[in-house]
Amino acid sequence: MNSRIAAHVRDIPRSGIRDFFEIVQSMKGVVSLGIGEPDFVTPWHIREAAVYSLEKGRTGYTSNLGDPRLRRSIAKYVEQHFSIAYNPHDEIIVTVGVSEGIDLALRALLNPGDEVLYHEPCYVSYNPSIALAGGRAVAVTTHAEDEFVLRAADLEKAVTPRTRVLMLSFPTNPTGAVMPPDELARIAAFAVNHDLVVLTDEIYSELTYDDLPHHSIAALPGMKERTLFLHGFSKAFAMTGWRIGFACGPSDIIEAMMKIHQYSIMCASTMAQEAAIEALERGQRSMERMREEYRLRRNFIVSSLNDAGIPCHLPKGAFYVFPEIRGTGLTSKEFSLALLKEKNVAVVPGTAFGPSGEGYVRCSYAAALDQIKIAIERIAEFVRG
Amino acid sequence: MDSLIRILRQNSAIPRADLARLLGLTEADVAAKIAKLEEDGMILGYHAVINSEKWDAEAVTAAIEVRVSPEREGGFDRIADRIAGFEEVESVYLMSGGYDLLVIVNGSNLREVASFVAAKLSTIESVLSCATRFRLKTYKENGLLHAIEEAPERLAVSP
């Protein structure tokens, strides 16, 4: 039967998260720290705007690039919060989440065999998306002792004449890492030296803590013309199920992405676009409220894990902690499976985010405080044995 | 301090140990900060938010719009204090607009509130008029919705 599946699809392994999900699904009463989405419902004013748009009968297609009103809102928001000016006319495309943006970008940029550098541990889709677009994925490992910061020096070791694209994602899922500005500048210089296109997935950019400003590589001098800035609404505005995001970049790349998008997707969902406008125009307050909540829970989970003897650094962004579980003598997968079976607590094995995640698990703190509390108590019991 | 106030405002019953972890402080620090807030009159008290329709279906709450003639010395303050002193009165606010004081009054039944208004409130010398409006149903109180919403389902594990 396998033979009727195209080889390049057949060769892609299923997501490690998916395997784990199926086991969790078969169990009852699991306390989960395995959820990669906000535990908040989309703020009411955003939902209400979508309801209103339906009442008004705004149910047709929009422009392939996305509703011009939304593109104008995006341009304003990105300029205000990231200090990068994009022309809503031809430098912005509205996508079905950042996931589609990544897929479009890679398909638009890669010729067969082109190499793409990305940092690991990272979001589960990068490696397969590169493979599906015909590229060769080259992972550069980041390290816990360095708070999972990507080093330009490590990129230098991995770059070859076939390297075309550098993929970045800070704050990072699953490590919560953010880039210090000086290292980000070195990476920008590296990209210029090797004439790479930078694809930067900044989906967690609103979620940095302790007043730490977020820096986009696209805002650095000389970078806008070689950078594709990808962002979306899922995390900051708790809008995962709406499937809405956007890409900003040089008009030739946006145009190429639009061609693929137009033939495969047509346009992002119209009501999601309506909700997105509301989020950008009036969502700041709800976003800040949720961010403050995440910040407090982050403090809680990090201090609880460390007190339980599970080493865990204080991540500066996103809503994940990435504690080290080597002390238990178990692999990430063994740890996660045993924890699930013995204590009914779900965490995600670090290896779901690449081989360099071995020795770690991802715990999401986008969960209610009482759930986090129960989960950590049980993890502590589990580790004590 | 803002975070502390915000958390307590949401859940004043939260254990001190949890507060300490959330704020990245020691329990002793938290206790000291709270003591200071109480001492400064920043925190006036702690309440449970009760669904009074469940607790006592007969109980009534009235919002009374009171017009008063302000005094040459002290304006509305003395009269507002006088009204606030009655234990039936839950809250008193000085308002802009068509009346002066908004008085929220609780009673165990309609008659109790009516007699309070007739005997106590409207007889105060500088009170010019009272318009009493009874609460029929509560939807949201102190930031909390009365109907308990079921949390929407989420995937137990997602990327």
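This is a predicted model: local features need pLDDT of at least 70, side-chain atom pairs count only at pLDDT 80 or more; totals for chains, interfaces and linings use all residues.

**Stop 1: the domains of chain A**

Colour chain A by domain. Domain 1 covers 2-42 + 285-384, and domain 2 covers 44-283. Their C-alpha centres lie 24 Å apart. Now select the residues where the two domains meet. Domain 1 of chain A brings 34 residues to this contact, and domain 2 of chain A brings 35 residues.

Stay on the domain 1 side. Which elements give two or more residues to the side of domain 1 of chain A that touches domain 2 of chain A? They are H11 and S9 of chain A. H11(A) gives the most, with seven residues. Colour this side by class. You will get 16 nonpolar, eleven polar and seven charged residues.

**Stop 2: where chain A touches chain B**

Show both chains. How many residues does each chain put into the contact? Chain A gives 23 residues and chain B gives twelve residues. On the chain A side, helix H2 (16-25) and H11 each supply at least two residues. H11(A) gives the most to this side, with six residues. By class, the side of chain A that touches chain B has 13 nonpolar, eight polar and two charged residues.

**Stop 3: two packed helices in chain A**

Select residues 44-55 of chain A, which form helix H3, and residues 270-282 of chain A, which form helix H10. They pack at an angle of about 140 degrees, with their axes 8 Å apart. H3(A) and H10(A) are therefore oblique to each other. The crossing of H3(A) over H10(A) is right-handed.

Show the side chains at the contact. From H3(A), pick A:His45, A:Ile46, A:Ala49, A:Ala50, A:Ser53 and A:Leu54. From H10(A), pick A:Met271, A:Glu274, A:Ala275, A:Glu278, A:Ala279 and A:Arg282. This set of contact residues holds seven nonpolar, two polar and three charged.

**Stop 4: two cis peptide bonds**

Zoom in on A:Glu120 and A:Pro121. A cis peptide bond joins A:Glu120 and A:Pro121, with omega at about 0 degrees. A:Pro121 sits in the loop between strand S3 (115-120) and helix H6 (126-132) of chain A.

Next, go to A:Phe170 and A:Pro171. Here too the peptide bond is cis, and omega is about -10 degrees. A:Pro171 belongs to the loop between strand S5 (163-168) and helix H8 (181-193) of chain A.

**Stop 5: A:Val124**

Return to the loop between S3 and H6 of chain A, where A:Val124 is found. Is A:Val124 buried or exposed? A:Val124 is buried, because 21 other C-beta atoms lie within 10 Å.

Select its contacts. Leaving aside neighbours within four places in sequence, A:Val124 is in contact with A:Ser15, A:Ile17, A:Ala352, A:Phe353 and B:Pro159. Then draw a distance from A:Val124 to A:Asn173. The two residues are 49 residues apart along the chain, and their C-alpha atoms are separated by 8.9 Å.

**Stop 6: two positive phi values**

Select A:Asp210. Its phi is near 55 degrees, a positive value in a residue other than glycine. A:Asp210 is in the loop between strand S6 (197-201) and strand S7 (227-232) of chain A. With 10 other C-beta atoms within 10 Å, A:Asp210 is exposed.

Now select A:Ala318. Its phi is near 60 degrees, again positive in a residue other than glycine. You will find A:Ala318 in the loop between helix H11 (284-307) and strand S9 (320-321) of chain A. A:Ala318 has 30 other C-beta atoms within 10 Å, so A:Ala318 is buried.

**Stop 7: chain B**

Colour chain B by domain. Domain 1 is 2-39 and domain 2 is 53-136. The C-alpha centres of these two domains of chain B are 34 Å apart.

Finish with helix H2 (residues 16-23) and helix H3 (residues 27-39) of chain B. They pack at an angle of about 100 degrees, and their axes are 8 Å apart. That makes H2(B) roughly perpendicular to H3(B). In H2(B), select B:Arg16, B:Ala17, B:Leu19, B:Ala20 and B:Leu23. These meet B:Glu27, B:Val30 and B:Ala31 in H3(B). The contact residues of H2(B) and H3(B) divide into six nonpolar, no polar and two charged.

Note on methods:
Residues are numbered from 1 along each chain as its sequence is written. Chains are lettered from A and ligands numbered from 1 in the order in which they are written. Helices (H or I, at least four residues) and strands (E, at least two) are DSSP runs, numbered from the N terminus. A residue is buried if 20 or more other C-beta atoms lie within 10 Å of its own, exposed if 12 or fewer, and partly exposed in between; C-beta atoms are placed from the backbone. Axes are lines fitted to C-alpha atoms, for helices over the stretch in contact, and angles run from 0 to 180 degrees between N-to-C directions. Angles under 35 degrees count as roughly parallel, over 145 as roughly antiparallel, 65 to 115 as roughly perpendicular and the rest as oblique. A crossing is left-handed if the near helix is turned anticlockwise from the far one by less than a right angle, and right-handed if clockwise. Two residues are in contact if their C-beta atoms, placed from the backbone, lie within 7 Å. Ala, Val, Leu, Ile, Met, Phe, Trp, Tyr, Cys and Pro count as nonpolar, Asp, Glu, Lys and Arg as charged, and the others, Gly among them, as polar. Domain bounds come from an automatic or database domain assignment.
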